[in-house]
Structure formats: structure tokens, C-alpha cells
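Look over the sequence and the model first.

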Amino acid sequence: MFNKNAKAAASESGPLSGAWWRLASTQDELSSSSDGLTNAEAQRRLRIYGPNRLSAPVHRSPFFEILGRLRNPLVLLLLVAGGVSAVVGDATSASIIATMVVLSVTFDYLQEHRAEMAAEKLRKSVALTVTVRRDGIDQEMPAENLVPGDVIGLSAGSLVPADGLVLSATDLFIQQAALTGESFPAEKHADAIPNEDALDCAANAVFMGSSVLSGIGSVLIVKTGEHTQLGMVGDIISEDHPPTAFDEGIRRFGYLILRITLSLVLFVLLANGLANRQWLESFLFSLALAVGLTPELLPMVVTVTLSRGALRLAKHGVIVKRLSAMQNLGAMDTLCTDKTGTLTEANISLACHVDITGQDNGHVLELAYLNSRFEAGVHTPLEDAILAHESMDITEWNKLDEVPFDFQRRRLSVLLRHSDDNFLIVKGAPEDMLAHCGCYEGTGSQEIPWSDESLALARQTLNRLSEAGHRVLGVAWKKVPIDTVDATIADENDLIFAGYAAFLDPPKKDAGEAIRNLSSRGIAVKILTGDSELVAQHVCKELGVSVTGMLMGNQIAKLDDHALLLQVESANLFCRVSPIQKNRLILALQKRGHVVGFMADGINDAPALHSADVSISVDTAVDVAKASADLIMLKHDLSMLEFGVTEGRRTFANIRKYIMMGTSSNFGNMFSMAGAALFLPFLPMLPTQVLLNNILYDLSETVIPLDEVDAVEIATPQHWDIKLLRNFMMVLGPVSSLFDFATFYLLLTVLKADESLFQTGWFIESLATQILVIFVIRTRGNPFLSRPHPALWLAAISILLAAAAIPFSPLAELFGFTALPWRYFLALVILVSLYLAMAQVVKACFYRSRLAPERI
């Protein structure tokens with residue numbers, strides 16, 4: 001019976017909770033024998049554990065998907081406003097509101113629907129057949145029929161179909177970078193219980209989603225399907241996407257408007273009731289106020305603004321899958337990025353070839369090249385890097401024999417003939433190579449016996465290379481008798497040590513500058529990698545990135561969520577982290593109030609991509625990563641994010657601009673109406689006039705997505721701040737109301753206007769102040785020094801001229817208007833001009849006060 005399984009594996013709460021590859025005891029129900037399982041037993045376990053496939057996501061119907069999006073308080077408020085418009089007979093307003101809601105919700109659904117296919121793509125990506133031993137016979141079968149306790153064979157080119165423990169291995173190298181982030185292949189062998197839980201330390205285990213580069217081995221299956229490490233990734237990305245900073249901001253804003261609207265409506269209804277006015281007319285007026293205060297075109301403005309930003313990004317090679325990611329990109333203050341392929345080239349290269357003193361040595365490269373070139377087995381990425389480094393003429397060399405690599409020796413030897421000499425050239429693990437060399441190669445290939453000093457020097461050089469993040473091979477050689485045609489392990493003694501071949505996944509040339517540029521724009525960059533700390537620290541040093549703190553995966557595993565919240569802020573380098581730990585780090589940063597972006601491209605990155613506020617991948621990434629991402633870059637380059645961040649901040653600034661203008665103006669007008677209801681003997685504006693006012697004002701703002709923004713708006717991350725919006729509305733709104741009350745006094749006392757003239761005059765004054773104040777609010781500075789988009793001027797002038805013409809048109813009777821004498825227009829022009837000047841003063845004071853948070 002085999003005795004190599006995990007204990008209580010099914011009850012684990014996470015991949016690092018008592019990792020099964022560290023346990024030696026076996027559950028009887030998962031045990032197996034050298035003949036494998038019987039077919040009957042395999043069928044029994046298949047019924048218990050289920051097929052070896054990743055769980056498919058539960059798809060809700062489009063109806064329920066769209067219905068779920070209607071729960072947003074702002075959308076609900078807009079629906080109520082549309083219903084109110086229909087009740088008061090304003091079919092136009094009702095139609096506009098309904099159309100905006102339907103288009104916004106439907107477009108949002110279509111944009112995000114593709115992300116639901118992530119888990120399905122993941123499941124299909126590992127569909128394959130395997131060789132399984134059942135009833136003592138090796139047989140081919142679909143991998144989904146595997147069960148815990150099955151014994152399978154692996155060979156070069158195989159995909160690992162499930163998680164299991166290695167029973168036997170010969171030169172078994174596994175590429176598991178997609179799961180661990182480790183660039184270099186991992187060698188697997190039996191009876192090597194690791195001291196740590198980390199995936200990349202599990203030399204005795206293989207995992208679904210990895211592939212065999214070379215060698216052969218047999219594996220006892222321990223976990224299948226959704227219980228595998230890869231299955232845990234699939235479970236996470238099949239869950240509902242957590243609400244992002246943009247979603248939360250819209251939701252909080254909706255609740256703010258809802259509270260203010262209800263308060264004003266109830267106040268006006270009560271005031272009119274106490275004044276003994278008709279309850280029905282008062283009720284309709286109150287409902288019109290509710291519609292007037294609601295920014296019913298907000299969904300359209302948001303969608304158009306985000307879409308325009310997405311189109312601009314597409315021209316620069318960044319595809320936006322989820323529109324809200326545009327705003328999140330602008331709000332992002334923390335970027336978490338994988339190392340491999342993002343900060344590095346994802347292409348292992350030979351960094352140097354040196355002697356024991358650390359000096360460059362061409363003979364070391366020649367020996368390493370010959371050894372790799374004449375090796376018969378499948379080349380590892382290290383050997384590919386040697387061969388790619390420099391091409392050499394080997395026509396005068398002939399291979400006689402080879403001693404293949406194995407784990408016990410950790411060496412590979414080739415016996416070559418050159419002219420009249422035979423040479424044994426060996427490369428392998430540096431410490432092992434040093435132990436089998438009796439001397440070292442000095443200047444001019446001189447053979448010098450080891451001394452304590454020279455051996456210490458060789459080890460110091462090895463330590464320096466390792467600390468610099470290199471993967472190192474030792475290279476040695478010796479002449480053998482000319483009649484030697486067979487090489488044996490015994491020949492690998494008394495070698496001449498030539499030096500070291502050191503490898504790196506080189507940093508990208510522009511990655512360091514991109515990180516510094518992002519940092520200067522208020523974005524903290526944190527590196528999350530499954531690779532070793534030595535390699536990661538070396539990459540940071542090469543890029544000029546200062547490491548402010550480092551956390552290892554085994555340290556993270558020991559921290560509870562509260563402790564992690566304290567550690568995650570100061571550290572900016574996280575090494576040997578698992579997929580679930582990357583996700584924990586993202587969630588911890590979000591709990592600390594950060595808007596977090598994550599940039600990566602592997603299967604192991606999918607959970608964190610799913611949880612991040614804005615997730616970024618590349619077109620060469622695995623399907624699961626691309627499906628989980630919000631943005632896909634056509635080039636794996638951090639510098640491309642700079643333009644994306646600028647567009648995101650410009651997009652958010654224009655959305656906030658609309659909200660600040662709309663809420664402050666609408667609130668001021670509605671506050672004026674509520675106040676007027678206390679002392680006027682008639683309604684200050686008819687319900688239909690209120691709705692028309694609101695529609696014309698909103699139409700003038702539909703071109704805001706085209707507008708430019710101040711440089712200060714894109715210099716730092718732009719966050720939703722409900723306090724800012726509320727304070728701005730509460731400050732500028734009453735200022736607008738003061739001039740409305742002045743208009744009331746002018747119309748009633750000075751101009752002696754009747755009810756119809758009063759309503760017409762205030763309609764025009766109210767609309768003019770709302771539209772023209774756009775040019776004051778759109779910039780934090782002097783409005784005369786900031787040029788608005790020409791479309792903004794055109795829209796404002798057109799709407800104002802149309803509003804002024806309505807009282808003189810056939811529509812006047814429909815809306816209850818009366819033609820205004822010229823002196824009314826002159827008085828209104830003076831009042832509007834004074835209001836704009838006062839609005840500029842108040843705005844400037846607002847931004848200098850404590851009411852405006854410093855980060856905005």
C-alpha cells in the first residue's frame with residue numbers, strides 16, 4: 001500500500017491550511033497499491049468526490065442580471081422620478097428617464113457579461129486524457145474520470161491533470177509558473193517532505209494546471225476537481241465581482257440624493273398643506289420637485305464619459321472590458337503588480353559566465369554551450385538561455401556519450417571528442433560541482449589545486465550571485481583518455497572547476513521609470529510574486545525601486561486578517577505568495593481604504609484580478625486572467641498605464657463635474673421653491689415648468705464628457721467623496737437660493753409681476769443661472785483662464801436662446817408662460833451676472849476652506 005496522501009484534505013479551509021504535501025499519513029479511503037485502483041473502487045470514489053473538473057459557474061438569466069442592477073438606490077430614485085413624470089402628464093420626461101435607465105443598465109450588463117465566462121474557460125483549458133493504472137493495467141481515459149487514489153504516469157509534454165504526490169521520478173521537471181509565479185522549472189522527486197507550506201517548496205507534489213518539461217514520473221492523485229489548488233482559483237473567479245470603489249461611490253451618492261429629496265418633498269407638502277392650498281396641486285408640485293432634484297441624465301453622462309475614455313484608451317492599445325474600470329483607474333492609489341512578465345521580460349537569459357573570482361570568462365560559456373548543445377534530453381529554460389546567448393561553431397566537436405541528469409547527482413555530463421582529445425564536460429548544482437572538482441581553472445586554463453583561500457573565494461562568488469537573485473550552475477571539465485568512449489558517474493570526479501553560469505529573468509528597461517512616474521502621480525506600487533525573495537530584491541534593485549518592507553508567503557500564512565491589515569501598508573514587496581494570499585493582500589488593502597489595481601497574466605493571478613477595483617492583464621495572458629481582467633493591454637508595459645491613469649482621472653473629473661453642477665444648482669432651485677411655498681400665494685413654478693426646466697438644464701450638460709479638466713484633477717488619485725459633494729451642494733445651493741429670493745423680490749415688488757409673469761421670469765432666471773454657472777464650476781481656478789470645449793458653449797447658448805423664445809412661441813400656453821417685457825430681461829441679466837460673480841467667489845473660498853478635503 002502507498003502511504004503518501006493528505007490527511008483530512010477535504011476539510012481544509014484553504015490551500016495553506018495544513019498543506020497536504022507536507023503530510024505522510026494516509027487516509028485508508030484514499031490509499032492505493034502498485035496495481036492502482038480497481039474499476040469498482042474507482043467508480044465508488046467518483047460518486048463520492050465527483051468528476052475531476054472545475055465547477056462551472058451558475059449562470060443567472062439576463063432578466064435577473066438586469067433586475068439585480070436596478071437595486072442601485074440612484075436607479076430606483078430615477079425610476080420613481082420617471083413614474084412621477086408620467087403621473088403629472090409629462091410623457092417626455094418619463095420617456096427620457098426610462099430610456100436612460102434602460103440603456104445604462106443594459107449596456108452595463110453587456111459589458112460585464114463576458115467576465116462570467118472566466119471559470120468556464122478555465123475548466124475547458126485543462127480538458128485532457130491521461131494514462132491511469134486500473135486493475136494492474138495502464139489505460140487511457142479522460143482526465144475527468146480521475147479520483148483520489150489513482151496512479152498516473154507523467155512524461156515530457158504532459159499536462160498535470162490533478163494534484164498529487166510523486167511516487168517516483170527521473171529527471172522530472174515541472175513548469176508551474178502559472179501557479180506559483182516562479183520563472184524557473186521545479187524539479188520533482190519522491191520522499192522530499194518540504195519544511196514549508198508554499199507551493200514552490202513542494203518538491204514532492206504536482207498540481208493541476210502545470211506541465212512536464214522533461215523526465216518521467218508516477219503520481220498518486222490526492223485531490224481532484226474543485227478541491228485542487230487550481231480549483232480554488234476557479235471557485236473565486238466564479239463568484240460575483242465584489243463592488244468596486246466606483247460602484248460604492250454611486251451607491252452612496254444615490255442615498256444622499258434620496259435623503260435630501262424625501263426631506264424637501266415632505267417639507268413642501270407639509271408647508272402647502274398648512275397654507276390651505278389644494279392637496280392634489282401641492283402633491284404634484286412636490287413630486288415635480290423630486291424629479292427636479294434628481295440627476296436623471298447621470299446614467300447617460302456616466303456611460304458617455306466612460307465610453308469616450310475607453311475609446312481614447314483603445315487608440316493607445318488598452319482595451320476596456322468593464323466601463324466602471326475607467327473611473328477606478330483614475331481613483332487607483334495602489335497598484336499591485338506581478339513580477340514575471342510585468343517588471344521582467346518573462347524570458348530567462350544568461351546573465352553572466354564567470355570564474356571563481358567573479359570575472360567574466362569566455363571558456364565557462366564555451367563549456368556550458370557544448371554541454372547544452374550535445375545534451376540528448378529535453379532542454380530546460382536554463383539550457384535554452386545558454387544556447388540563445390551566443391552561437392558557437394561546433395563542427396570540430398563530436399559527441400561520444402552522455403550521463404543524464406538525475407536528482408541524486410544533480411549533474412549532467414557529455415563526453416566529447418575534439419581533434420585528438422576527449423573531454424568530459426559537466427554542469428550542475430554549484431555546491432555539488434565544487435565537491436567533485438580537485439582543482440580550478442586559472443589564467444590561461446591553468447589547473448590550480450584548491451586551497452582553503454581559493455575554495456572560500458569560489459563560495460563567496462557563488463553567494464554574491466545567489467544574493468543578486470541569480471539561478472546558478474557550476475561548470476567543470478577534464479581530459480579523459482582518447483580510448484574512452486563511454487562515460488560513467490565514476491568519471492565525474494577530479495574535475496577542473498571552470499566557473500559559474502548565472503541566469504536571470506531580466507528586468508524591463510522602462511519598468512523602473514514607469515514605477516517612478518506612477519509614484520509621482522500618487523500611486524503606490526507593490527510587487528506580489530511567487531518567486532524567491534533574492535530574485536525579487538535583485539529586480540527591485542535593478543529597477544531602482546526601494547524596498548520599504550517585505551513579507552514572505554509563509555509569514556502571511558501565519559497572520560490573521562487584522563494583523564495583515566497592519567503589515568500590508570508598510571511593505572511593498574511580497575514574495576513566495578500563493579494565489580489565495582495574493583487575493584488576501586488585495587482585500588486587505590481595500591479594507592484600509594485604498595482603491596487597488598492589480599496587473600498580472602497568470603492562472604495564479606485570477607483570484608486577485610477578480611477582487612481588485614481595477615484589474616489589468618495583457619493579450620498574451622492566459623484566458624482566465626484575460627477573462628477576469630477589466631482592462632487588457634496589447635503590450636505588457638507599465639508605462640502604458642500612465643496614459644490610462646490620466647484618462648481615468650479625466651473621466652472621473654468630468655463625471656464629478658456634472659454631479660457637482662447638477663446637485664448644487666438643482667438643490668438651490670428646489671430649496672428656493674420650498675422656501676417660496678411658505679409665503680407666495682401661488683406656486684412659484686408649475687409642475688410642468690419644473691420638469692421642463694430640469695430637462696433643458698440636463699440637455700445643456702450632455703456635452704460635459706467632451707470637456708477638458710484642470711491639471712490638478714489628474715495630478716493625484718481622484719476618489720469619490722460624498723462629503724465633498726454634500727458640502728459643495730450645501731454651500732453653493734443656498735447662494736443660488738439667495739439670488740432666487742432676490743428675483744422673487746424684484747418680480748413681485750419692483751416689477752409688480754402677476755402669477756404667470758412671475759413663473760415665466762423665474763423660469764428663465766433659474767435656467768440661466770444653472771446653465772451659466774457651469775463655466776464657473778467646471779474649473780477650480782479662474783473661469784476666464786480655462787477654456788471650455790466649444791460644444792459646451794454651443795449647448796449653453798442654444799438652450800438659453802430656446803428657453804427665452806418659448807414664452808413667445810405657441811408652446812407658451814401649453815406650459816403656462818407669458819411673454820416677458822424687455823425690462824424683465826434686463827433685470828434678469830443683471831441678477832444672473834451678479835450671481836455668477838458671487839458663485840466664483842464662493843467657489844474659490846470653498847476650495848480654500850476645510851470643507852474641501854485636501855486629497856480632492
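Predicted model: local features only at pLDDT ≥ 70, side-chain atom pairs only at ≥ 80, totals over all residues.

The disulfide count comes to zero. A disulfide needs two cysteine sulfur atoms within 2.5 Å.

Take C575 as a case. Its closest cysteine sulfur belongs to C540, at 7.5 Å. That is too far for a bond. C575 is also buried, at 0% relative accessibility. C336 is buried as well, with a relative accessible area of 0%.

## Strand 17 and its cover

Strand 17 spans residues 495–504. How many of its ten residues are buried? The count is ten of ten, and the strand is mostly covered.

In a regular strand, side chains alternate between the two faces of the sheet.

## Pairing partners of strand 17

Strand 16 (residues 471–480) runs antiparallel to strand 17, and seven bridges join them. Within this pairing, A476 has F497 as its bridge partner in strand 17.

Strand 10 (residues 349–354) is also antiparallel to strand 17, with five bridges between them. Here H353 is the bridge partner of A501 in strand 17.

Which way does strand 14 run relative to strand 17, parallel or antiparallel? Strand 14 (residues 437–441) runs parallel to strand 17, and three bridges join the two. C437 stands opposite L495 in strand 17.

## In brief

The model holds zero disulfides. C575 is buried, and the sulfur of C540 lies 7.5 Å from its own. Strand 17 has ten of ten residues buried. Bridges join strand 17 to strand 10, to strand 14 and to strand 16.

Note on methods. Residues numbered from 1 in each chain as written. Heavy atoms only, no water. Buried < 20%, exposed > 50% of the residue type's maximum accessible area, 1.4 Å probe, protein only. Helix = DSSP H or I, 4+ residues; strand = E, 2+ residues; numbered from the N terminus. Pairing = 2+ DSSP bridges.
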